[in-house]
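Subject: Structure for your attention

Dear colleague,

Please find the structure below. I would be grateful if you kept it open while reading the notes that come after it.

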Amino acid sequence: MPLLLCCDDETGPAGRLLTALRALDGDDAREPWTLAVIDRHRFPDGEWRLRLPACMPAAVAVYRSLHQPNEKLVELLLAAPAARELGAQRLWLVAPYLAYMRQDMAFTPGEVVSQRHLGRWLAAAFDGLITVDPHLHRVATLAEAVPLGDAQALSAAPLLAQAIVARRPGALLLGPDEESAQWVQQAAATVGLQAAVCRKVRRGDRDVQVELPALDVRGRAVVILDDMASTGRTVARAAAALRAAGAVSVDVAVTHALFVGDALAVMQAAGVGEVWSTDSVPHASNTVALAPLLAAALQRSVRSVAGSGTAAGAACR
Ligand code: R5P
């Protein structure tokens, strides 16, 4: 029976994923998914001691959304090979938010291309990866960043589009930069809304300039759609420009609600009304549950590996 592993701080979303997996499998599933929590102990000096179930089935998926990623990456560094030692034969990582994807080139000499190196490391540690709206800008597919045969980049854009159109029918969907075009176009096509994209210049972490597209937004309800908001400055600059140009309302929909520090306050001060997000990153704005999407992808992957759900791991025999 396949096993889902999570840490104690993510039993909520991992539990929702388990429920969705079991719903997909139906009541008569011979081998229902089970969930186990990785026991974490932090030593006084900050190091982790992790304890996994001593007997692993062949198919194991680890749920770890990689916001605030640095500590979590150490957990995965330890847990993935340990899971194999304990019997896992196929190991998936379900990371609704995949960190370090924006550093996809050396912007100055000597800068580490984090996307490439984290991607290679994840590909060595896991057999499959499922994530949502990874920030892929200069590469076309997730497998280019994380070189795995089973690298699934799901999109929340259609789900966010449904949430938007239910609340703001007739809204203009606006991507705050060129990179957001992929999500904005997909969302707009799903529900038949008009879409446009801004131009952005970033000078620093909190220093961005956003130029609106040549479009009359007077009297329009506008929804800014992006893969993520971090400091909220990108959204805030776009919202302020939209308000100045006569938009009647500006709301925000993002897949990943990172919203660090004063992000929400800055966005609200710039004229943002409501904020909607997926539950890839736990936040008060979470509106869209990703569990059904993730479950379908994980079930597909596990079933594509013949016998992976049935064989007992070596340590269990
Ligand atoms: C990058 O291009 C992303 O799509 C977001 O636009 C960006 O990460 C937002 O960052 P911030 O909220 O810090 O402006």
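Predicted model: local features only at pLDDT ≥ 70, side-chain atom pairs only at ≥ 80, totals over all residues.

Residues are numbered from 1 along each chain as its sequence is written, and side-chain values use heavy atoms, with hydrogens and water left out.

Salt bridges

Side chains of opposite charge can pair when their charged atoms come close. The whole structure contains 18 salt bridges (a salt bridge is a side-chain nitrogen of Lys or Arg within 4 Å of a carboxyl oxygen of Asp or Glu).

Arginine 64 pairs with glutamate 75, with 2.8 Å between the closest N and O atoms. This pair links distant parts of the chain, eleven residues apart: arginine 64 is in the loop between β4 (59–63) and α2, and glutamate 75 is in helix α2. Helices (H or I, at least four residues) and strands (E, at least two) are DSSP runs, numbered from the N terminus. Both arginine 64 and glutamate 75 are buried (buried means under 20% relative accessible area, exposed over 50%, and partly exposed in between, with a 1.4 Å probe and protein chains only).

Lysine 200 forms a salt bridge with aspartate 177, the closest N and O atoms being 2.9 Å apart. Lysine 200 lies in strand β10 (residues 199–204) and aspartate 177 in the loop between β8 (172–175) and α6, so the pair ties together parts that are 23 residues apart in sequence. Aspartate 177 is buried, at a relative accessible area of 3%.

Lysine 72

Lysine 72 is in helix α2 (residues 69–85). This residue is buried yet has no salt bridge, and glutamate 10, the nearest side chain of opposite charge, is 4.2 Å away. Leaving aside residues up to four places away in sequence, lysine 72 touches Glu10, Arg64, Ser65, Leu66 and His67 (contact means heavy atoms within 4.5 Å).

Helices α5 and α6

Where do the two helices meet? Ala157, Pro158, Ala161, Gln162 and Val165 in α5 meet Trp183, Gln186, Ala187, Thr190 and Val191 in α6.

Yours sincerely

Methods
Lys, Arg positive; Asp, Glu negative; His and termini not counted.
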